[in-house]
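Please open the model in your viewer and keep a selection tool at hand.

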Amino acid sequence: MNSETQRLNSGWHRFIDSDLLYSFRRSPVTIVASVVVFTLILAALLAPWIAPHDPFDVSTLSLLNSELPPAWVEGGDATFLLGTDGQGRDVLSAMLYGARISILVGLSSVAFAMVLGVCLGLLAAYVGGAVDATIMRIADIMISFPPILVALLINGVARGILPPEMQHDAVIFVLILAIGLTTWVQYARTVRGSTMVEKNREYVLAARVIGLRSRTIMAKHILPNVIGPILVVATVNLAIAILIEAALSFLGVGMPPTEPSLGTLIRIGNEFLFSGVWWVVIFPSIVLVLLVLSVNLLGDWLRDALNPKLR
Amino acid sequence: MNKINKYLVLPIITSSTLFTTVQANTITWSDTSDIYSMDPHGQAISPTLAFLHHIYEPLVRYNKELEIEPSLATDWEVVRPDLWRFTLREGVTYHNGNSFDADDVVASLKRAIHPDSPLRGNLPAVSDVRKVNSHTVEIELNGSYPLLLNDLTNVYILDKDWMTEHGALDPVDPTKGDRSYSTTNTNGTGPFVLESRRPDAETILTINEDWWDDAQHNLTRIEFTPISSDATRVSALLSGQIDMMLSVPLQDVSRLESSQGYQVHEIAGLRTIMLALNQSADRLGQNGLDSNPLQDLRVRKALYQAIDMDLIRDRLMRGKSRNTALPVAPAVPGYDASLDERFPHDPDAAQQLLTEAGYPDGFTVGLDCPNDRYVRDEEICQAIAAMWARVGVNARVNARNSSNHWQEALNGGSDIWMFGWATLPMLDSFSILSQVISSPNNNYGAWNPGNYQNDEVNSLIEKIAVAQDEEERLAMIARAFELSKADIPLIPLHQQPLIWATKDNINVPQTPDNKVRLWYATVE
Amino acid sequence: MLAVAFIAFSMFSFVGDPVTNMLPQDATLEQRTALQERLGLNESLPVQFGKFVTNAVQGNFGISYRNQRLVSDLIAERFPATMELVFAAVVMSLVIGIPMGVYTALKRDSWLSHLLQALSLTGISVPTFVTGILLILVFSVWLNWLPSFGRGEVVELGWWSTGLLTVSGIKAMIMPVITLSLFQITLIMRLVRAEMLEVLKTDYIRFARARGLTNRVVNFSHALRNTLMPVITITGLQIGALIAFAIITETVFQWPGMGLLFMQAVSFVDIPVMSAYLVMVSLIFVVINTIVDMLYFVVDPRLRVDTGQNKAGA
C-alpha cells in the first residue's frame with residue numbers, strides 16, 4: 001500500500017514537473033481558453049439543473065411568450081433572461097441544451113473520425129502496395145461525397161431499418177456517424193503524407209534494423225512524429241463538425257428544431273436577421289464562436305507543447 | 001463640312017438614345033425558383049406556366065379579377081355536353097411572323113393530350129380536337145364536363161409550322177433522350193418576346209410590337225432572376241438590384257414597409273393549409289398502441305379544438321393569414337361563407353372529448369411537416385404540438401424537405417401530416433373534392449392515403465363531375481363540404497398570405513393565384 | 001467511380017418521390033402510377049442502376065426531370081461557374097493564407113500575429129450561410145458596393161463562360177469567393193505556421209544560418225519550401241471540400257453553378273441530375289488526387305531519391 005501511494009505520488013509529481021504544465025502556466029491565452037471551454041462544457045453538462053426552463057418540454061411553451069426581447073431591453077420579461085424565440089422558448093435554456101448537443105456531436109464525431117483516419121492512414125503508408133491503394137481509393141470515394149449527402153444516405157437507411165419509435169432518438173447517432181465518416185479521410189491522407197516521409201528516415205530504418213515489430217514502430221515511433229498536423233486538423237475539424245451539423249439542420253436532416261443544437265438555433269435565428277429580433281441569432285452565435293475559438297487555441301497550445309521538435 | 005456634320009450628328013444620336021433609355025421601362029423581378037422549361041407543354045408547374053403566359057397564350061385567359069375572358073378564341077358554344085365549338089381570333093401573328101389559325105390549335109391541343117405529355121393531366125376531359133374551318137375548331141370530350149374553360153387557361157397555343165420545322169410536334173418526354181428545340185426556344189403570340197435566357201441566372205423578355213390586344217402595360221423589357229435564398233432576395237430588392245419580388249418572408253415585411261421607396265402587396269392566397277389525419281391504419285406508426293385513435297371522430301374533434309388558430313395567426317403569421325374552416329379559399333368557386341365557421345378553440349372541451357373516447361391521458365402521435373414548402377410550415381407544426389401537449393397528446397414533430405414528406409405521407413406512412421391545396425390549375429372546389437376528400441380509386445383520391453370514406457360524399461362528387469347547371473353544381477359542392485366537415489377527415493388551418501414587394505414606382509395587379517401578370521403592369 | 005455511382009444511385013431511393021413534383025397537385029392515382037412506370041421508378045434498383053451505367057458509359061446521363069434538357073448540357077453550362085469560384089477561392093486562400101502563416105510563424109509573439117490568428121478563427125466559427133448574409137447586408141444593402149446575387153456579365157469563350165473579363169463579373173465574384181475561401185485561408189495559415197515552426201527548428205536550417213545565408217534566403221527558399229508538401233496535400237483535398245461547400249455559397253449568392261443545380265435537383269428529386277453531379281465531382285476528385293500525388297515528387301526531393309533527377313534538381 002505504501003509503495004502504491006508512492007507510485008501515485010511520483011506520477012503526480014511527474015505531472016507537476018512536466019513540460020506540459022510548465023508551458024500551460026506560461027501561456028495566459030491558453031489558461032483563458034481552457035477556462036472558457038471547461039465552463040461551457042460544465043454548463044452544458046449541468047444544463048438540466050441550471051437552465052431556468054426545459055426547452056424540450058413543449059407543453060410549457062406558449063406562443064404568447066414568443067419573441068420577447070432580453071430582460072434588460074424594454075418589453076423584456078425577467079423570467080426569460082436572454083429573451084425568447086418565435087415559439088416562446090427561453091433562449092438561454094435553449095442555448096445551454098443546444099451547446100450540450102453540439103459538443104457531444106462535435107467531440108464524438110471527431111474522435112470517431114480521428115481513430116479511423118489515423119489507423120487507416122498509418123496502415124496505408126506503412127504497408128503500401130495494394131493495401132495503400134485500396135484504402136486510398138476508398139478515401140477518394142468517401143471524400144467525393146459532400147458530408148451532406150452521406151448524412152442524407154445514412155439518415156435514409158436509418159429510417160428504413162429502425163422502427164419508427166426509435167428514429168427520433170437515433171438522429172444524434174446518425175449525425176455522429178455521418179460527420180465522422182466524411183471527415184476521417186483528412187486524417188488518413190495527412191498521416192499518410194507525413195508517414196511516407198517519416199518511414200524513410202534513419203530512425204525508422206534503425207528501428208527496423210534492430211528488429212522491432214511493425215506495429216510497435218508505427219505506434220511508438222512514427223505516430224508521435226506525425227501527430228502535429230493531425231492535431232491541427234482535429235482542432236479545426238471540431239469546428240467543422242459543429243458547422244456541418246448546422247448545415248445539415250439547414251437541410252432538415254440535422255437536429256430537429258424541437259431539440260435544437262447551437263447550429264440549429266443559429267440557422268433558425270438567421271431568418272430573423274433583418275427583422276430586429278437579433279437576440280435569437282446573436283447569443284447562440286457568440287457561444288459558438290467562443291467555443292470554437294477556445295478549442296482551437298487549446299489545440300494550438302497542445303500542439304506546440306507536445307511536439308518534441310519544438311522544445 | 002463633313003467634320004462639322006459628324007460633330008452635329010453625334011450629339012443628336014446620343015440625345016435620342018438618352019431619350020429612349022428614359023422611356024425604357026424595365027421590370028427586374030425575382031422569385032424563389034427558376035422557370036423550369038420554355039416549352040409550355042413541358043411541365044405543369046404553376047409559376048412556370050404563369051411566366052410562359054407572357055410569351056404564349058391560351059384560347060381563354062383569366063383577367064386581373066380572375067374572371068375567364070376571350071384570348072385566342074373570341075367565342076365558344078356548347079354544341080353537345082361533350083362537344084364544344086370555339087371561334088378563333090383573326091389577324092393574330094406569332095413572334096416569327098406566321099399567322100395563327102385552326103391548324104395551330106389542333107396541333108397544340110393534340111400535343112398537350114399526347115400520352116407522353118406532362119401536361120396531359122391538365123386536360124383530363126379532352127379526347128379529340130378537330131378543325132372545322134380556318135378559324136373554327138371543335139373539342140370533343142369524353143363526357144359531360146363543366147370545367148373545360150378553366151382547364152384551357154393553362155394550355156398555350158404554339159405555331160404548327162414552327163413546331164414542324166424544328167421537329168417539336170411531339171411533346172418533350174423526359175424518359176426519352178432527345179433534345180427538344182422548344183425547351184429553349186419560343187414562338188408565341190403573347191405580349192412579350194424571349195430575348196435571351198441563362199438558366200438560374202436571368203431570362204429576358206422584350207415587347208411584342210405586333211400584339212393583337214391593346215397593351216395596358218407600358219413596359220419595354222422584363223428581366224427575371226430567380227433567387228432561392230430569402231435573405232438574398234430581400235437584400236437584392238433593398239439594394240435596388242431588382243424592382244419586384246415574390247414570396248416576401250413574413251418577418252421581413254415590416255422592414256420593407258418602413259424602408260423608403262418600397263411598397264408591400266398582400267392578399268390572402270388560394271392555398272389552404274391543412275392537417276390530414278390517417279384513419280386507414282389499424283395502429284399508428286408512432287404510438288405503440290394497438291389501435292388508431294384517429295379513427296374516432298371525438299379524438300379528431302378534440303385535436304381540432306385544441307388548436308388555437310387565432311394565436312398562430314397573431315404570433316407566427318403576424319396577423320396576415322386567414323383562418324378557415326373550409327379546405328378552399330373564398331375566391332374558389334364552391335366556397336360557401338355560411339360553412340366557414342371553425343369549431344371553437346376550447347382545450348377543456350378537447351380534454352373532455354379525449355376522456356369520452358377513452359384517452360384521458362392522451363396518446364402519442366407523429367406529426368409530419370415539410371420544412372421548405374409553406375409559409376412557416378415547421379413553426380406551425382411546433383406550435384400545434386405545444387397546444388396538443390396541453391391536452392395530453394404527445395405529438396412528435398418530424399419536419400423534412402417536401403420530397404421526403406410527400407413520399408412518406410402519400411404512401412400512408414404518416415399519422416398526421418401537413419399539406420396545402422390551392423386548387424390550381426383548375427381553380428375550382430372540384431379539385432380538392434376529387435383528389436383529397438373522395439375515397440381513393442383510379443381517378444380520384446390520390447391525396448387521400450388516410451382513406452377517409454363517406455359514401456354520400458363520394459356519390460355527390462361523381463355527380464359534381466358531370467353537372468352542367470352551374471347553380472346546381474355549386475349547391476352540391478356546398479353539400480359535400482358540409483357533410484365532410486362534420487366528419488373531420490382533415491383539420492383546415494388557414495389560407496396563407498401572398499406577399500409581394502415592389503419599388504414605389506411599379507403598379508402590378510396581385511391575384512390570389514400568385515401568378516404575375518405583367519401585361520397589366522405599369523412603371524411610373 | 002462505379003462504386004460512387006452505385007452509392008449515389010441507391011441513395012436516391014431515400015430522397016423522395018419525383019412524381020409529386022412533376023404532376024399538378026390534382027393528378028389522379030392513375031397518372032401518378034403511369035408516370036412512375038415511364039420513368040422506370042417501379043423497377044428494381046439493380047435494373048435501374050444497370051440502365052444508368054449503360055447510358056452513362058456512353059456519356060448519356062439522361063434528361064433532367066425538372067428542366068427537360070440533356071443533363072450533360074446542364075452540367076456543362078454550370079461547370080465553368082463553379083470552377084471559377086472554386087479556383088478563385090483556392091488562389092485567394094494560398095495568396096493570403098501562406099504569407100499570413102509565414103508571418104505568424106516568424107513573428108510568433110507579435111500582437112499582429114495573435115490578432116491574425118484570433119480573427120481567422122472567429123471568421124470560421126460562424127456558419128457559412130450567416131457569413132454570406134452578413135456580407136450581403138454590409139456590402140450590398142448598406143454600402144451598395146457589390147451585387148448580392150448572380151455572376152454579373154459573363155463572356156462566352158467557346159464552351160467556357162467567364163465572369164473574369166468584365167467589371168461586373170469580377171464585382172459579383174468578390175463576396176462569394178470571400179465566403180468560400182474564409183475557411184481555407186484559416187486552414188492554410190495554420191498549417192503553414194505549424195509546419196514552418198517545425199522546420200525552423202531542424203538542423204539543416206541551423207546549418208543554413210550557420211553558413212551565413214541571409215534570413216530571407218533561409219526562411220523562404222529553405223524553410224517555406226519544406227512546408228509546401230502538406231500544403232499541397234491539404235489544398236488538393238480541399239478542392240473537393242470547396243466544391244461541396246460551394247453548394248451553400250452558391251445557394252446564398254444565387255451563383256448559377258453546379259452546386260445550385262444540385263440543390264435544386266435534390267429538392268425536385270431530379271435523379272438524373274443528382275447522379276451526374278456526383279459522378280462529375282468524383283471524377284474531378286480522382287484527377288486532382290492524381291495531380292497531387294505527382295506534385296509530391298516535384299516538390300519533395302526526398303521522394304525521388306532513386307530517380308537520379310534529384311542531383312540535377314538539388
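Begin by selecting chain B, which has 15 helices and 19 strands, where helices (H or I, at least four residues) and strands (E, at least two) are DSSP runs numbered from the N terminus. The radius of gyration of chain B, taken over C-alpha atoms, is 26 Å, close to the 24 Å that the globule rule (2.2 Å times the number of residues to the power 0.38) gives for 524 residues, so the chain is as compact as a globular protein of that length. Its C-alpha trace spans about 100 × 55 × 45 Å along the principal axes.

Before going further, note that this is a predicted model, in which local features need pLDDT of at least 70 and side-chain atom pairs count only at pLDDT 80 or more, while totals for chains, interfaces and linings use all residues. Residues are numbered from 1 along each chain as its sequence is written, and chains are lettered from A and ligands numbered from 1 in the order in which they are written.

Colour chain B by burial next: 54% of its 524 residues count as buried, a residue being buried if 20 or more other C-beta atoms, placed from the backbone, lie within 10 Å of its own, exposed if 12 or fewer, and partly exposed in between.

Still in chain B, select Leu424(B) and Pro425(B), whose connecting peptide bond is cis, with omega near 5°; Pro425(B) is found in the loop between β16 (416-421) and α13 (430-437). Then move to Ser247(B), in the loop between β11 (244-245) and α7 (253-258), where phi is near 50°, a positive value in a residue other than glycine. Most residues other than glycine have a negative phi, and most peptide bonds are trans. Ser247(B) counts as partly exposed, because it has 19 C-beta neighbours inside 10 Å.

Finally, select helix α5 (residues 71-106) and helix α6 (residues 111-125) of chain C, whose axes (lines fitted to C-alpha atoms over the stretch in contact, with angles from 0 to 180 degrees between N-to-C directions) come within 9 Å and cross at roughly 135°. Met100(C), Tyr103(C) and Thr104(C) in α5(C) meet Ser113(C), Leu116(C) and Gln117(C) in α6(C), contact requiring C-beta atoms within 7 Å.

Conventions: Contact = placed C-beta atoms within 7 Å.
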